[in-house]
Amino acid sequence: MDRERAAGQHEATGGAGQGGRRATAQRQQMRQDLAAAAMELFAGQGYEETTVDQIAAAAGVARRTFFRYFRSKEEAIFPDHDDTLVRVADLLASADPEEHPLDVVCRGIKEVLRMYASTPSVSVARYRLIRQVPTLREREIAVVARYERLFTRYLLGRFDAAVERSPTWRRGGDDDPMLAEVSAAAVVAAHNHVLRRWLRAGGRGDVEAQLDHAFEVIRGTFWAQAPTAGRRRGTGVAPSAMRESQMALEHVVGSAVSATPSGEVLITVARTDAPLDQVLDSIRTALSAPADRAGQRPAD
């Protein structure tokens, strides 16, 4: 049959360049066709009643061709996860070392979300089917666990490589494994929560914006010093945040000068990586200390 011959031909054309890209595209298309045939049969006659032979026949290929692409019929429901896992791993490996590791993980899981969002109708149908078949739910759990392990390994590696000039994510203590696992699990759980809510709504709405909001909640909960939406890479701060910080600092210093007729100069010391609220507290403390305006030392 034609589909069978085409499948055999592109299996043998995995070379580099344009031919390799064409073979990859054909392979992905075949996986999608087999998955679509499987979902249609599962929905029409039931999961248990559907055989691999029936799936292959519906896709126009032989049984042996089906097993070139999937190890079992339940695996055919998740045709994109293998390629997406590779893509996410590449994203983690190529991430800027100055980018906060939690942001990198969030970008990684967003690739998974986009995989679902690219075909809303297929994703919704698959979600409904998975809810009805315990075997498929177990398979989905196993797939999710692969992403979680990948993110945990990445976070642990970043902790080991962290340097002094990146104090917002430098760790190095006994809690590293726990923090890495909890952070990775939280990101994956947030993705699953947002994705399922979107699927229950029929694949409608801005699902990426919903996921971004979930990420902000995670940053504030698990990573107290993680950058906010305005601070993602390096040490840059959003202009609005800079203006707010500058205004707060000017207010404190301005109040100090205006409160003293002679306009004495106040000197306080703080670490360059100290949060702004700590700097302000140190200034307030210095201002509130009783001092002899003639130049005497504060009373003990």
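Leaving aside neighbours within four places in sequence, which residues is V187 in contact with? I looked, taking contact as heavy atoms within 4.5 Å, and found L102, V105, C106, I109, F215 and I218.

**Ground rules.** I'm working on a predicted model, where local features need pLDDT of at least 70 and side-chain atom pairs count only at pLDDT 80 or more, while totals for chains, interfaces and linings use all residues. Residues are numbered from 1 along each chain as its sequence is written, and side-chain values use heavy atoms, with hydrogens and water left out.

**Cores.** V187 turned up again here. A nonpolar core is a set of buried Ala, Val, Leu, Ile, Met, Phe, Trp, Tyr and Cys residues joined through side-chain atoms within 4.5 Å; buried means under 20% relative accessible area (1.4 Å probe, protein chains only). The largest core has 39 residues, and L92, F151 and V187 touch the most other members. I noted that α5, α6, α7, α8, α9 and α10 (207-222) each supply at least two residues of this core. The largest share, 11 residues, comes from α9. Helices here are DSSP runs (H or I, at least four residues), numbered from the N terminus. I also found a second, separate core of 23 residues, with F42, F70, I130 and V133 among them.

**H100.** Next I went to the loop between α5 (81-93) and α6 (101-117), where H100 sits. H100 is buried, at a relative accessible area of 1%. Its side chain reaches the backbone nitrogen of L102 at 3.1 Å; a polar contact is a pair of N or O atoms within 3.5 Å, one able to donate a hydrogen and the other to accept it, and residues adjacent in sequence count only if both atoms are side-chain atoms.

**Cavities.** I got 3 cavities of 30 Å³ or more. Volume is the space filled by probe spheres set on the points, which are joined across faces, edges and corners.

The largest cavity is about 130 Å³. Of its 14 lining residues, Y116, V144, H191, N192 and L195 are the closest to its centre. Helix α9 gives the largest share of that lining, 6 residues.

The second largest cavity holds about 60 Å³. Its lining includes Y116, I130 and L195. Here α7 gives the most, with 4 residues.

How values were computed:
Buried means under 20% relative accessible area, exposed over 50%, partly exposed in between (1.4 Å probe, protein chains only). On a 1 Å grid over the protein atoms alone, a cavity is a set of points where a 1.4 Å probe fits but cannot get out, and a pocket is an open set with protein on both sides within 12 Å along at least five of seven lines; lining residues have an atom within 4 Å of a point.
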